[in-house]
Amino acid sequence: DATLAFSVDAGVGLSLLRVRIQPCSGPAAGMSCQLTTLETATAQEAQDAGVKVWATPWTPPAGWKSNDSTSDGGSLLAQYEDDYAQALVGFVQYMQSNGVSIAGVSAQNEPTMATDYDSCVYTASSLSEFIGNHMGPAFADAGLLGPGGMPFGIIAPETVSGGSDFSGFSSAVLGSNAAEYVGTIATHSYGVGPPLASSIAAANKEYWETEDYDETTLPDAGPMASGLWLAQTMDQALTNGVNAWHYWWLFPANGPGDPPGSLPNESLWDNDYVPTKRLYVMGNYSRFVRPGFVRIFATSLPANNVYVTAFSDSGSTQVVIVAINAGTTSVPVNFLFDGVATGSWTSWITSATQNLEQQALPQADAGTDGSPLAYTLQPQSVTTLTGLITGSASPVSIDAGTSIVVAGTDGGDGDSPGSSSAGGPNSGLACSVGRAPRSPPFRPALGASLGACVLARWRWRRRHSRTRCVEGGASKPGRRSSASA
């Protein structure tokens with residue numbers, strides 16, 4: 001399972017893992033608190049495969065909260081803010097002693113949700129104050145921020161959706177001294193996906209989606225239905241400038257033969273521990289769009305029910321195109337490349353009968369003379385096309401505005417060249433795991449709002465507003481004791 005999840009050669013190549021920080025039991029004033037996680041072994045497996053691991057707390061210890069409980073909301077008491085900040089530093093050091101380098105730590109999971117599972121409530125100002133005056137300085141003093149520290153920095157605010165709460169919290173963080181310590185602005189996608197947010201790019205922060213699952217597709221809708229939901233959700237997030245994308249769970253709460261511990265579609269393996277189409281569809285992105293790649297301009301809707309995104313490595317030697325055909329008939333398309341010649345094309349298909357299967361292309365080249373790469377997209381499929389840049393009329397420079405025009409059977413809309421995304425030194429694709437008692441309220445999903453385990457993060461290149469760069473993703477702890485992705 002670890003090979004299928006994390007290997008670039010033999011799996012889907014997820015590149016980020018989100019783990020849950022487990023609260024210690026009820027310390028009082030003057031007592032130490034060692035925060036741990038139940039996912040250390042999974043984190044070790046992931047790191048061995050080159051995956052970056054980061055972590056999120058659901059609650060401080062009960063004795064440091066206003067309601068003396070890890071659940072039902074409550075807030076962190078002011079007199080324990082420094083104690084809790086030091087405990088979070090101690091968690092990173094604890095993981096280091098277990099051979100895992102933590103790449104980033106979130107300040108709080110879903111800070112507005114007072115739930116009957118592990119939770120803690122902050123306002124936008126109180127979360128910013130905790131980060132700016134306590135957590136940030138503690139991490140900086142421990143040498144965990146800056147060069148050689150956690151590449152993603154402190155992560156916040158991880159609101160439940162990309163709606164008004166996210167806007168208020170992210171504005172408060174970016175407008176306060178917390179911004180000095182926060183490297184990644186993050187949100188979940190329940191109901192409302194990540195919006196376009198130019199302020200995040202302007203502040204040179206990463207922009208991540210860190211939790212979602214498919215709440216809309218019925219289990220009997222067919223093997224590809226939920227996979228197509230995931231693909232369209234990821235496509236929308238990436239075109240809104242998101243650098244990393246995560247699905248909720250990697251594995252379901254209970255094992256084969258046990259009573260169901262997860263709702264349908266909550267994880268990338270189903271309740272019988274069989275890999276789902278969601279996992280392979282994520283692989284259409286994560287295996288090929290690797291850390292450090294940038295997103296380049298492409299016709300986003302070249303035909304009805306067809307969605308396209310395109311990417312290139314930082315050296316401008318490779319092109320990756322991901323094309324979704326959500327319709328029920330085949331669609332022929334022509335990929336026209338602006339200013340570059342390409343060759344050595346291969347396709348990788350996930351459909352009702354294929355799981356990220358490789359297929360040779362009868363035509364392998366497309367030239368600068370306007371000759372296209374012709375391809376027919378199978379119905380109800382996600383296809384990744386990988387090729388090499390073989391030459392150009394002038395020196396190749398993806399950053400300078402290379403674009404891919406996709407001509408479908410009925411035309412289509414172009415990508416918005418003004419949309420922005422966040423920046424940062426590390427890019428890639430990812431996955432996460434989490435364990436926690438959980439019984440969340442129903443959260444309706446609207447349309448094709450974003451969500452899927454690990455995907456990619458993009459670095460925004462100010463030289464050219466149509467170019468973006470990718471990172472990675474994670475998942476969420478479960479209703480019962482379980483791993484998540």
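Glu 158 and Arg 18 are both buried. The dialogue below concerns a predicted model.

Visitor: How many salt bridges does a search of the whole structure find?

Guide: One joins Glu 158 to Arg 18, and another joins Glu 211 to Arg 18. Asp 118 and Arg 20 also meet in a salt bridge. For the whole structure, the number found by the search is three.

Visitor: How far apart in sequence are the parts that Glu 158 and Arg 18 tie together?

Guide: The closest N and O atoms of Glu 158 and Arg 18 are 3.0 Å apart, and the pair forms a salt bridge. Because Glu 158 lies in strand E4 and Arg 18 in strand E1 (residues 16–21), the parts tied together are separated in sequence by 140 residues.

Visitor: Which residues are linked with Arg 18 in a network of salt bridges?

Guide: Glu 211 forms a salt bridge with Arg 18, with the closest N and O atoms 2.8 Å apart. This pair links distant parts of the chain, 193 residues apart, with Glu 211 in the loop between strand E6 (206–209) and helix H7 (225–239). Arg 18 also forms a salt bridge with Glu 158. The residues linked with Arg 18 in the network are therefore Glu 158 and Glu 211.

Visitor: Are Asp 118 and Arg 20 buried or exposed?

Guide: The side chains of Asp 118 and Arg 20 meet in a salt bridge, at 2.3 Å from N to O. Asp 118 lies in the loop between strand E3 (102–106) and H4, and Arg 20 in strand E1, so the pair ties together parts 98 residues apart in sequence. Both residues are buried.

Visitor: Which residue does a cis peptide bond join to Ala 156?

Guide: Most peptide bonds are trans. Here the bond is cis, with omega about 0 degrees.

Visitor: What is the relative accessible area of Gln 380?

Guide: Most residues other than glycine have a negative phi. Gln 380 is not a glycine, yet has a positive phi of about 50 degrees. Gln 380 is found in the loop between strand E14 (373–377) and strand E15 (381–392). Gln 380 is partly exposed, and its relative accessible area is 28%.

Visitor: Does Met 150 count as buried or exposed?

Guide: Met 150 lies in the loop between helix H4 (124–141) and strand E4 (153–159). Beyond its neighbours within four places in sequence, Met 150 is in contact with residues including Val 92, Ile 102 and Phe 139. Because its relative accessibility is 5%, Met 150 counts as buried.

Conventions:
Residues are numbered from 1 along each chain as its sequence is written. This is a predicted model: local features need pLDDT of at least 70, side-chain atom pairs count only at pLDDT 80 or more; totals for chains, interfaces and linings use all residues. Side-chain values use heavy atoms; hydrogens and water are left out. Helices (H or I, at least four residues) and strands (E, at least two) are DSSP runs, numbered from the N terminus. Buried means under 20% relative accessible area, exposed over 50%, partly exposed in between (1.4 Å probe, protein chains only). Contact means heavy atoms within 4.5 Å. A salt bridge is a side-chain nitrogen of Lys or Arg within 4 Å of a carboxyl oxygen of Asp or Glu.
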